[in-house]
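Here is a quick walk through one protein chain, written for someone who would rather look at residues than read tables. Keep the viewer open as you go.

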Amino acid sequence: PSPDDELPPLEVRPEDGEVTDAPFRLRTQARRVTASKHAIPHFYLTHGVDVTMLMGRKEALKSRFGATLTHAVMRAVVRAMERVPEANRSYDHGRVVAWKDVNLGLAVDTPEGLTVVVIRKAQALDLKGLAEATRALVERARSGKLTLDDRRHPSFTISNLGMFDVEQFEAIINPPSAMTLAVASALARPVAREGRVEVGQVMNLTLSCDHRIIEGVTAARFMKALTEWLEKPEWMEEGAKG
């Protein structure tokens, strides 16, 4: 079946339920995720990141930079993309697009449904600037005031369900991003430190990758770099661009 094909329509009787036409945004989202799953060969990498130190800095990051854990993950993603620049590419109809900037997409829940806002040139922003830019975009998204440029061409996308006590999930790739990161909750887990087992805060990260352009080793190198930035987060408190 093509991405435009749908399952046969249901026969719903009045006593079964109420049927209305889906809004335009929902129909568009349904087409996009169906096309993504149909056309893009997905593969997944999952890693449990010890974010005990990061959780311990949560209040300091908030008070000094106005940043949440989501912003910290976003900043670490940018650093990892800079270390592994081949991850900042897309495949498009026989073409390879090597993006000049890290245009960071973030999935946002709005009254009208899910949308992705794009922080442009995220590599040029420090943690405070990234938090401010993200808040402004989220506010515009939830008030229905996004522009086309606010949604245009994310080169990497983040979907965060960490605030809902989710252990792990896999996101559908959001094109043109070649990778989408699913961020789960930081939960108490046993971790090994210097030959000892201790209780720490572990966050499962799952990377959905487009195998047309992202190879397993590239995804693994990116995840390794992201893990290093998140597990040793003291650089985030240096301000500036770390």
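Contact here means heavy atoms within 4.5 Å. This is a predicted model, where local features need pLDDT of at least 70 and side-chain atom pairs count only at pLDDT 80 or more, while totals for chains, interfaces and linings use all residues. Residues are numbered from 1 along each chain as its sequence is written, and side-chain values use heavy atoms, with hydrogens and water left out.

Start with V77. Leaving aside neighbours within four places in sequence, V77 is in contact with L104, F156, I158, L181, F222 and L226. The largest nonpolar core has 53 residues, and V77, F156, L207, F222 and L226 are the ones that touch the most other members. Helix α4 (residues 69-83) supplies the largest share of this core, 8 residues.

A few terms, then. A nonpolar core is a set of buried Ala, Val, Leu, Ile, Met, Phe, Trp, Tyr and Cys residues joined through side-chain atoms within 4.5 Å. Buried means under 20% relative accessible area, exposed means over 50%, and partly exposed is in between (1.4 Å probe, protein chains only). Helices (H or I, at least four residues) and strands (E, at least two) are DSSP runs, numbered from the N terminus. In soluble globular proteins, nonpolar side chains tend to be buried together.

Is V51 buried or exposed? V51 is buried, because its relative accessible area is 0%. You'll find V51 in the loop between β1 (42-50) and α2 (52-56). Not counting residues up to four places away in sequence, V51 touches A186, Q201 and M203. K232 is 181 residues from V51 along the chain, yet their C-alpha atoms are separated by 8.4 Å.

Now try V19, in the segment before α1 (24-39). V19 counts as exposed because its relative accessibility is 62%. Together with L10 and V12, V19 forms a nonpolar patch on the surface, with about 330 Å² of accessible area in total.

## Q123 and its partners

Q123 lies in the loop between β5 (113-119) and α5 (127-142). Which residues does Q123 touch, not counting those up to four places away in sequence? They are V78, E82, K100, D101 and V102. With D101 there is also a side-chain polar contact of 2.7 Å; a polar contact is a pair of N or O atoms within 3.5 Å, and within protein one must be able to donate a hydrogen and the other to accept it, while residues adjacent in sequence count only if both atoms are side-chain atoms. W99 is 24 residues from Q123 in sequence and 12 Å away in space, C-alpha to C-alpha.

The loop between β5 and α5 also holds K121. K121 is not a glycine, but has a positive phi of about 55°.

## The loop between β6 and β7

N174 sits in the loop between β6 (156-160) and β7 (179-193). With a relative accessible area of 15%, N174 is buried. The N174 side chain makes a polar contact of 3.5 Å with the side chain of R32. Setting aside neighbours within four places in sequence, N174 is in contact with R32, V116, P154, T157 and T180.

P176 lies in the loop between β6 and β7 as well, and the peptide bond from P175 to P176 is cis, with omega near 10°. D165, another residue of the loop between β6 and β7, is not a glycine but has a positive phi of about 55°. D165 is exposed, since its relative accessible area is 62%. Most residues other than glycine have a negative phi, and most peptide bonds are trans.

Key. Patches are made of residues with over 30% relative accessible area and no salt bridge: like charges are joined within 9 Å, nonpolar side chains (Val, Leu, Ile, Met, Phe, Trp, Tyr) within 5 Å. Accessible areas come from the Shrake-Rupley method with a 1.4 Å probe; for residues, only the protein chains shown count as cover. A salt bridge is a side-chain nitrogen of Lys or Arg within 4 Å of a carboxyl oxygen of Asp or Glu.
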